[in-house]
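I am opening my notebook on a structure that is new to me. Let me look at it together with you, one entry at a time.

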Amino acid sequence: MTALRIECIQGDITQQPDVDAVVNAANGLLMPGGGVAGAIHRVAGPGLARECQPLAPIQPGQAVITGAHNLPNRHVIHCLGPVYGQDEPSAQLLADCFRQALRLADNQGLASVAFPAISTGVFGYPVREAAAVALAAVRESSASLRSVRLVRFVLFSDEDRQQFQRALEEGGVD
Ligand code: AR6
């Protein structure tokens with residue numbers, strides 16, 4: 001069995017044509033918003049919001065999967081991250097997002113998933129803490145994954161990429 005590969009790159013989550021699913025840092029109503037959600041819905045087109053409507057609302061830590069519409073992927077997995085300092089326990093809820101997203105991807109037989117830094121924008125989660133939670137959750141999930149072989153973190157800024165890269169290296173060799 002091939003090991004799970006984890007990578008951290010700087011980039012735009014809507015420009016990852018080589019992955020099967022991209023993850024949306026969604027709002028509870030699964031509507032187009034700002035940040036990642038705005039970018040994903042803009043590129044996907046209005047069909048994505050229509051498909052999302054009957055799946056909403058979702059709770060912090062929850063994930064749902066849809067088609068990718070005009071995005072160059074097969075699926076979008078929508079996660080509602082915790083609002084830092086408000087949705088508690090925030091680390092557990094953030095970890096739940098990654099675990100649930102990976103489980104959904106694996107259940108669909110997908111091989112690759114790209115995540116943004118969920119909760120670190122409008123929801124105020126400090127990037128360094130979020131990176132540690134995200135990497136730990138992915139590592140913990142890896143033993144139960146049958147089809148997912150690549151997890152890519154796509155960070156908007158180089159500073160955020162460095163934080164995730166550090167968390168990846170601190171957790172051991174990939
Ligand atoms: N590609 C990759 N990363 C991005 C992109 C992009 N295109 N755009 C922003 N980021 P956020 P949240 C980074 O606010 O904190 C929305 O309005 C961004 O710099 O998108 O989970 C929703 O509707 C930050 O580091 O997600 C919700 O209401 C990270 O992605 C709420 O914001 C997450 O920022 C969700 O807030």
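**Entry 1: two prolines.** I began with Pro57, which sits in the loop between α2 (46-52) and β3 (63-67); helices (H or I, at least four residues) and strands (E, at least two) are DSSP runs, numbered from the N terminus. The peptide bond from Ala56 to Pro57 is cis, with omega near 0°. I then found another cis bond, between Glu88 and Pro89, with omega about -5°. Pro89 belongs to the loop between β4 and α3.

**Note on the source.** This is a predicted model, in which local features need pLDDT of at least 70 and side-chain atom pairs count only at pLDDT 80 or more, while totals for chains, interfaces and linings use all residues. Residues are numbered from 1 along each chain as its sequence is written, and side-chain values use heavy atoms, with hydrogens and water left out.

**Entry 2: positive phi.** I looked up His69, in the loop between β3 and β4, and its phi is near 50°, a positive value in a residue other than glycine. Ser119, in the loop between β5 and α4, also has a positive phi, near 75°. Most residues other than glycine have a negative phi, and most peptide bonds are trans. Is Ser119 buried or exposed? Ser119 is buried, with a relative accessible area of 5%, whereas His69 is partly exposed at 37%. Here buried means under 20% relative accessible area, exposed over 50%, and partly exposed in between (1.4 Å probe, protein chains only).

**Entry 3: the whole chain.** I noted five helices and six strands, running β-β-α-α-β-β-α-β-α-β-α from the N terminus on. Of the 174 residues, 51% count as buried.

**Entry 4: the cores.** A nonpolar core is a set of buried Ala, Val, Leu, Ile, Met, Phe, Trp, Tyr and Cys residues joined through side-chain atoms within 4.5 Å. Which members of the largest one touch the most others? Of its 38 residues, they are Ile77, Phe98, Phe115, Phe153 and Phe164. Among the elements that each supply at least two residues of this core are β1 (5-10), β4 (75-79), α3 (90-107) and α5 (158-170). I also found a second, separate core of 18 residues, including Ala26, Leu48, Val64 and Leu150.

**Entry 5: Phe98.** Leaving aside neighbours within four places in sequence, I listed the contacts of Phe98 (heavy atoms within 4.5 Å): they include Phe115, Pro116, Ala134, Val138 and Phe153.
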